[in-house]
Amino acid sequence: LLSSQLISIAQSCAPQAPANNTGSNQFPQLIPGSNEPADPATTGFVLNHFALNVNNITRSIDFYTKVFGMRLIFNFRATEKLSIAYLAHSHGGKNGTAYQTVSELNRNKNNMEGLIELLHYDDPAESLDPSTKAPNTFSHIGFVVPDPVKVERRLNDYGAEIIKGIGGLPTDENLEIIANSYGLGNLFRTNREEAIAILTLLTKSVPGANETIYVLDPDGNFIEVQPQE
């Protein structure tokens with residue numbers, strides 16, 4: 001079957017449930033969060049960064065700086081074989097609205113949000129598989145951009161591997177990549193139609209789904225690029 005046919009099957013399989021079915025056995029269900037304030041003892045806590053193990057740190061730095069405009073704060077050569085790099089967007093506003101020197105970025109590193117840490121141990125005998133090939137606890141990275149059309153052009157110019165472009169559908173092969181990154185790889189291989197139905201539901205629930213781009217970084221990590229609301 002072609003991807004479009006599979007998507008059609010999924011749409012017919014997926015239940016047409018109301019937006020909010022809390023307390024019922026219909027899905028999807030939207031369960032709102034609580035207005036209860038956070039524990040005052042956690043005041044000042046912030047999600048500062050997440051880390052990726054990479055196979056080639058130079059290649060990964062090049063990708064995230066040139067494609068997504070992140071700034072290299074530093075690349076720390078801990079040993080001859082171990083490197084640790086931090087990347088971030090300028091935090092004087094949304095990226096590009098205020099310039100910060102690398103010294104300012106370093107000084108503010110622990111007061112910033114949305115940083116990426118890249119870790120690389122130079123071991124030719126070991127090649128790390130991303131979650132798109134071997135499902136694990138990492139799913140994907142999400143970027144929000146003002147103009148997805150320009151970003152898609154930028155990705156193509158860079159030569160990045162786009163697995164779903166604006167207004168397009170993923171191929172059969174790319175559907176399995178998406179399934180793996182969403183933790184549905186085993187289901188995809190054992191019950192393809194159910195997996196397709198779930199993937200369709202997940203992708204359609206993303207705001208601006210038609211303009212959302214799916215792309216892989218140099219190690220095969222899954223990236224969602226969504227439009228600003």
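Which residues of β8 are buried on one side, and which on the other? Before I answer, let me say that this is a predicted model, in which local features need pLDDT of at least 70 and side-chain atom pairs count only at pLDDT 80 or more, while totals for chains, interfaces and linings use all residues. Residues are numbered from 1 along each chain as its sequence is written, and side-chain values use heavy atoms, with hydrogens and water left out.

On one side of β8 we find Phe222, Glu224 and Gln226, and on the other Ile223, Val225 and Pro227, all of them buried, where buried means under 20% relative accessible area and exposed over 50%, with partly exposed in between, for a 1.4 Å probe and protein chains only.

Strand β5, residues 141-145, runs parallel to β8 and is joined to it by 5 bridges, with phenylalanine 143 standing opposite valine 225. Strand β7, residues 213-216, runs antiparallel to β8 through 4 bridges, and here valine 215 stands opposite isoleucine 223. The hairpin of β7 and β8 has 5 residues between the strands, and in it glycine 220 takes a positive phi near 95°.

Let me turn to helix α4, residues 148-158, in which Pro148, Val151, Glu152 and Leu155 are buried. Seen down the axis of α4, these buried residues fall within an arc of 100°, so they line one face of the helix; the arc is that of the directions from the helix axis to the C-beta atoms. As background, an α-helix has 3.6 residues a turn, so residues three or four places apart point the same way. Lys150 and Asp157, on the other side of α4, are exposed.

What covers that buried face? The cover of the buried residues of α4 includes β5, β6 (161-164), β7 and β8, contact meaning heavy atoms within 4.5 Å.

As for the ends of α4, aspartate 147 caps the N-terminal one, with a side-chain oxygen 3.1 Å from the backbone nitrogen of valine 149. Just after the helix, glycine 159 takes a positive phi of about 90°.

Terms used
Helices (H or I, at least four residues) and strands (E, at least two) are DSSP runs, numbered from the N terminus. Two strands pair if DSSP finds at least two bridges between them. A polar contact is a pair of N or O atoms within 3.5 Å; within protein, one must be able to donate a hydrogen and the other to accept it, and residues adjacent in sequence count only if both atoms are side-chain atoms.
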